[in-house]
Amino acid sequence: MEYEEFIGTLSRYAGLDEDEAERAVRATLGTLGERLSVGEGLLGRLPERVRAWMRTGRDPEPFDVDEFLRRVAEREGVDVEVAARHAREVFWLLGEVTAPGAIDGVAACLPEDFESLVAEARRRGVRIMPAEEFLARVASRAGLEAADAHRATEAVLETLAECVAEGRAENLIGELAVPLHEPLKRGAAEGRAGVVRVPLEDFVLRVAERQRADGQDVRGHASAVLTTLREATTERGFLDVMAGLPDEYRTLLTGR
């Protein structure tokens with residue numbers, strides 16, 4: 001594929017003008033070139049100008065998806081959530097112009113938190129619920145003001161990550177908006193010393209301590225966050241996390 005056709009394909013798909021599409025491609029694929037050793041199975045289908053952006057001449061750096069998106073945003077001159085959307089669209093373009101085996105090779109070199117990007121290349125797009133929508137749903141369910149809904153969400157996600165086995169919380173990161181990643185990372189880091197199946201009562205107490213919500217309906221807050229989490233993630237991702245918790249946690253889920 002010629003360079004002009006490559007950029008034009010993204011421009012039409014993503015609704016970007018050609019300058020915006022070029023910046024998105026250069027930022028995303030240039031950063032991908034820093035993250036992994038790019039094989040000829042992928043490079044061989046790309047225009048030469050694009051290949052040059054991906055050949056860094058350095059050893060791959062093992063950074064996570066948040067650092068990946070931070071670098072894309074910095075290069076592109078946009079905020080991280082816009083960069084995340086553009087990166088997914090560029091991965092879609094990779095799936096359009098390369099062979100499935102090349103995408104498999106890329107996926108094998110990336111951790112699970114890149115899943116929403118890889119899914120685009122494999123035509124299994126994951127809709128990322130915007131953080132504002134996530135928090136608005138929590139606020140509505142729990143009857144909270146926006147700031148309180150934010151605190152409740154962070155407290156529940158951090159405690160959830162602390163209470164499940166290593167790897168389960170990280171898998172959710174690839175399915176959630178960037179502003180929701182940090183509490184999951186904090187909780188996962190705190191829980192790595194060893195995880196037991198934490199009773200629901202203890203879970204609620206830990207949430208209350210983090211939220212500083214004495215006397216408030218912390219169980220209701222946890223219910224609002226977990227129910228919204230179920231809506232915001234794939235069934236596989238959500239069930240994987242719930243499988244690491246006692247069955248009593250399912251009493252927190254409302255609807256469906």
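Helix 5 (65-76), helix 6 (80-97) and helix 8 (115-121) each contribute at least two residues to the lining of the largest pocket, helices being DSSP runs of H or I with at least four residues, numbered from the N terminus. The model is predicted, so that local features need pLDDT of at least 70 and side-chain atom pairs count only at pLDDT 80 or more, whereas totals for chains, interfaces and linings use all residues. Residues are numbered from 1 along each chain as its sequence is written, and side-chain values use heavy atoms, with hydrogens and water left out.

The volume of the largest pocket is about 220 Å³. Among the 19 residues lining this pocket, A84, R88, I128, A177 and V178 are the closest to its centre. A pocket is an open set of points on a 1 Å grid over the protein atoms alone, where a 1.4 Å probe fits, with protein on both sides within 12 Å along at least five of seven lines; lining residues have an atom within 4 Å of a point. The volume is the space filled by probe spheres set on the points, which are joined across faces, edges and corners. Helix 6 provides the largest share of the lining, four residues. By class, the lining comprises 11 nonpolar, three polar and five charged residues; Ala, Val, Leu, Ile, Met, Phe, Trp, Tyr, Cys and Pro count as nonpolar, Asp, Glu, Lys and Arg as charged, and the others, Gly among them, as polar.

Five aromatic pairs are found in the whole structure, a pair being rings of Phe, Tyr or Trp (its six-membered ring) with centres within 6.5 Å, stacked if the planes are under 30 degrees apart, edge-to-face if over 60 and tilted otherwise. The rings of Y13 and W92 are stacked, because their centres are 3.7 Å apart and their planes at 5°. Y13 belongs to helix 1 (residues 3-14) and W92 to helix 6, so this pair ties together parts 79 residues apart in sequence. W92 is buried at 13% relative accessible area (buried, under 20%; exposed, over 50%; partly exposed, in between; 1.4 Å probe, protein chains only), while Y13 is partly exposed at 39%. The rings of F68 and F91, with centres 6.5 Å apart and planes at 75°, form an edge-to-face pair. Both F68 and F91 are buried, and together with F114 they form one aromatic cluster.

Q211 is located in helix 13 (residues 200-211) and is buried, with a relative accessible area of 7%.
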